[in-house]
Amino acid sequence: MTFMRPAAGAAGNDAGTPATVRFDLPAQPLDAALVAFGEVTGYSVLVSSQLAAGRTAAPVRGDYTPAEALQRLLAGTQLGARFSGSNAFTLLALADAPAAPAPAPVAAPAAPPLQGYAAVLQRSLTRALCRLHPDAFGRYRLAFQLWLDERGKVRAVHVLEASGVAQRDNAVVQRLRSLLMDGAPPMGLPQPLTILLTPRPDPGADCAPYLAVAGVP
């Protein structure tokens, strides 16, 4: 699973905002393309590694809204995007969808448990890490894997890409090992979950809702 935090200030229940973004993404493995898309737009994605394996994203070059760019990126993959209200989205297989030679609108059957859990992860992790390092969160890059039990409590953590500050990484790992998500994961959720933290445009705004409440859960 891959999850990337949304950009600060992004809002709404649709697939994007009217503003266009400059994209220069080559054809590449879908996993890599989703990471690049998330870094450009700040959007979040929750997708099974098995679902993305072996699929190639179409090239996206030019000025597009995030929604338009995602449509182009997914062309021919037989996958569709379903967005949550926080600009996080899941990728789901389109049943019997033919490979599309040109960009086309994408849609997918609703999957509330999986779609909703992207928002649970985002909220739980942001709150925990903002309170752990309020002056550092959103200013570094760190990738790690999580395994959750049936309650949503982290049972194992594995760092994939260190941030370059060992003391901070160790503190993050220790905090995550005691973290209980705001909700239990849906049944059948593929694990581990791969979490990519990237620098934020406005880390203070990301953390503000969680720092206003005293105490750490």
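A salt bridge is counted where a side-chain nitrogen of Lys or Arg lies within 4 Å of a carboxyl oxygen of Asp or Glu. In the predicted model described here, Asp-182 forms such a salt bridge with Arg-127, and the closest N and O atoms of the two side chains are 2.5 Å apart. Because Asp-182 lies in the loop between α5 and β11 (193-197) whereas Arg-127 belongs to helix α4 (residues 112-132), the pair ties together parts that are 55 residues apart in sequence. The two partners can also be described by their accessibility: Asp-182 counts as partly exposed, at 36% relative accessibility, while Arg-127 is buried, with a relative accessible area of 15%.

Arg-22 counts as exposed, at 60% relative accessibility, and Asp-63 is partly exposed, with a relative accessible area of 41%. A further salt bridge is formed by Asp-149 and Arg-151, for which the closest N and O atoms are 3.2 Å apart. Here Asp-149 counts as buried, at 17% relative accessibility, whereas Arg-151 counts as partly exposed, at 48%.

For the chain as a whole, the secondary structure comes to 6 helices and 11 strands. Of its 217 residues, 50% count as buried. When contacts between residues at least 6 apart in sequence are considered, 75% of them join residues that are at least 24 apart.

Asp-169 is buried and yet has no salt bridge, since the nearest side chain of opposite charge, that of Arg-168, is 4.4 Å away, and a salt bridge requires the nitrogen and oxygen atoms to lie within 4 Å. If neighbours within four places in sequence are left aside, the residues in contact with Asp-169 are Leu-142, Ala-162, Ser-163 and Gly-164. Arg-168, for its part, lies over the face of Tyr-140, at 4.3 Å from the centre of the ring.

Turning to aromatic residues, a search of the whole structure finds 1 aromatic pair. This pair is formed by Phe-23 and Phe-37 and is stacked, with 6.0 Å from centre to centre and 15° between the planes. Phe-23 lies in strand β2 and Phe-37 in helix α1 (residues 30-41), and the pair links distant parts of the chain, 14 residues apart. Phe-23 counts as buried, at 1% relative accessibility, and Phe-37 likewise counts as buried, at 1%.

The arrangement of buried residues can be followed in helix α6 (residues 203-211), where Pro-203, Asp-206, Cys-207 and Tyr-210 are the buried ones. These residues cover an arc of only 80° around the axis, which puts them on the same side of α6. The spacing can be understood from the geometry of an α-helix, which has 3.6 residues a turn, so that residues three or four places apart point the same way.

Gln-78, which is found in the loop between α3 (66-74) and β7 (79-83), has a positive phi of about 65° although it is not a glycine. Most residues other than glycine have a negative phi. Gln-78 counts as partly exposed, at 36% relative accessibility. Glu-68 has its place in helix α3 and counts as partly exposed, at 37% relative accessibility. The C-alpha atoms of Glu-68 and Thr-20 are separated by 9.1 Å, although the two residues stand 48 residues apart along the chain.

Technical notes
Residues are numbered from 1 along each chain as its sequence is written. This is a predicted model: local features need pLDDT of at least 70, side-chain atom pairs count only at pLDDT 80 or more; totals for chains, interfaces and linings use all residues. Side-chain values use heavy atoms; hydrogens and water are left out. Buried means under 20% relative accessible area, exposed over 50%, partly exposed in between (1.4 Å probe, protein chains only). Helices (H or I, at least four residues) and strands (E, at least two) are DSSP runs, numbered from the N terminus. The arc is that of the directions from the helix axis to the C-beta atoms. Lys and Arg count as positive and Asp and Glu as negative; His and the chain ends are not counted. Contact means heavy atoms within 4.5 Å. Rings of Phe, Tyr and Trp (its six-membered ring) pair if their centres lie within 6.5 Å; planes under 30 degrees apart count as stacked, over 60 as edge-to-face and the rest as tilted. A charge sits over a ring if NZ of Lys or CZ of Arg is within 6 Å of the ring centre and within 35 degrees of the ring normal.
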